[in-house]
Amino acid sequence: FRATACPDCFKPAKNKQSVFTRMAVIKALEKIKEEDFLKHFPCPPSSPENLCVALEIQCNNGAVFVAGRYNKYSRNLPQTPWIIDGERKLESSVEELISEHLMAEFKADSFNFSSSGREDVDVRTLGNGRPFAIELVNPRRIHFTAEEMKGLQQTINKSSDKIQVRDLQLVTREAIGRMKEGEEEKTKTYSALIWTDKAIQKEDIAFLDDIKELKLDQKTPLRVLHRRPLAVRCRVIHTMRSEYIDEHHFRLHLKTQAGTYIKEFVHGDFGRTKPNIGSLLSRTADILELDVESVDVDWPPTL
């Protein structure tokens, strides 16, 4: 059938396990004329000649989705397991600290974790926290009352001082789409502790408070090039507020477009982010600490 109706429909592609992907099948069906298709596969199909025999029966539950917001208080905790060349770098992660309790209670086979953006291993997430969702695959238990979910939240929070979760609730698959909707249009606020090589006075940084809607060109940072394509992304710093500490340190509060690389905006990443704090102050600047103060995504609903 392929040889006659659509010889060039399925071509092997590198990095793909199979040529028969969903998109490839959809494209093939669009190319094939209906009459050619019906010659091979009449509709309705002809009656089967043999009876089907069930070789194996499996019972599975549909996936259950749990959502909430998490705070991360540790500067030594990745969001997802940090494994390089098969070797684990840190003993735990936000994903594991939350999911282990959900997996036990829902008696699920596996899980998939997603969130509204991610913070680096050494960045804390404060304020109302970051929205997340966990898909629990083939759970043996699916019905939980609001009180039971509250108890589960308390269990997670008592188990570790590195994270806290809030607004833990059951949601639908469709609702998770709202977490990702317009992610780049959302804003995030940060607090950064900055060091400068040359001495500064309060008046040297005061002008930063007046800068509004500063447009940045950010070339993919060197530290994420191994997992992100090389591109120049346009990002916006909506507002900044400086807080003088001493001659070589100040704190900067920023409200930015989601997806802005804050560390690179401070130190410039060898000129890959323009402008940057170093270029604005005409001196070398580096970032010592970074906190996410808020992720302005209004989901999931507050309980």
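Nine bridges join strand 7 to strand 12 (residues 285-295), and the two run antiparallel; strands are DSSP runs of E with at least two residues, helices are runs of H or I with at least four, and both are numbered from the N terminus. Two strands are taken to pair if DSSP finds at least two bridges between them. The model is a predicted one, in which local features need pLDDT of at least 70 and side-chain atom pairs count only at pLDDT 80 or more, while totals for chains, interfaces and linings use all residues. Residues are numbered from 1 along each chain as its sequence is written, and side-chain values use heavy atoms, with hydrogens and water left out.

Strand 7 spans residues 187-196, and nine of its 10 residues are buried, so the strand is largely enclosed by the rest of the structure. Buried stands for under 20% relative accessible area, exposed for over 50%, and partly exposed for what lies in between (1.4 Å probe, protein chains only).

Strand 10 also holds leucine 252, which counts as buried because its relative accessibility is 0%. What does leucine 252 touch, leaving aside residues up to four places away in sequence? Its contacts (heavy atoms within 4.5 Å) are Tyr190, Ser191, Ala192, Ile194, Leu208, Met240, Arg241, Ser242 and Ile277. Lysine 39, by contrast, lies 213 residues from leucine 252 in sequence, with 69 Å between the two C-alpha atoms.

The domain assignment divides the protein into domain 1 (1-49), domain 2 (64-185) and domain 3 (188-295); such bounds come from an automatic or database assignment. Taken over C-alpha atoms, the centres of domain 1 and domain 2 are 40 Å apart.

Attention now turns to strand 5. This strand has 14 residues, 10 of them buried, so strand 5 is largely enclosed by the rest of the structure. Strand 1 pairs with strand 5 in the antiparallel sense over eight bridges, with glycine 68 opposite phenylalanine 132. Strand 4 runs antiparallel to strand 5 as well, joined by six bridges, and serine 110 stands opposite valine 137. The pairing of strand 5 with strand 12 is parallel and has two bridges; in it, arginine 124 has aspartate 291 of strand 12 as its bridge partner.

Helix 6 (residues 173-180) has Ala175, Ile176 and Met179 as its buried residues. These residues lie on the same side of helix 6 because they cover an arc of only 105° around the axis, the arc being that of the directions from the helix axis to the C-beta atoms. An α-helix has 3.6 residues a turn, so residues three or four places apart point the same way.

The largest pocket holds about 950 Å³ of space. On a 1 Å grid over the protein atoms alone, a pocket is an open set of points where a 1.4 Å probe fits, with protein on both sides within 12 Å along at least five of seven lines; lining residues have an atom within 4 Å of a point. Grid points are joined across faces, edges and corners, and the volume is the space filled by probe spheres set on the points. The lining of the largest pocket has 34 residues, and Arg118, Glu119, Asp120, Arg227 and Arg228 lie nearest the centre. Two or more lining residues come from each of strand 2 (83-84), strand 7, strand 9 (232-246), helix 8 (262-267) and strand 12.

Some backbone details complete the picture. Most residues other than glycine have a negative phi, and most peptide bonds are trans. A cis peptide bond joins cysteine 43 to proline 44, with omega about 0°, and proline 44 sits in the loop between helix 3 (34-40) and strand 1. Lysine 274 and proline 275 are likewise joined by a cis peptide bond, with omega about -15°; proline 275 belongs to the loop between strand 11 (273-274) and helix 9 (277-281). Aspartate 167, in strand 6, has a positive phi near 55° and counts as buried at 10% relative accessibility. Phenylalanine 270 has a positive phi of about 55°, lies in the loop between helix 8 and strand 11, and counts as exposed at 78% relative accessibility.
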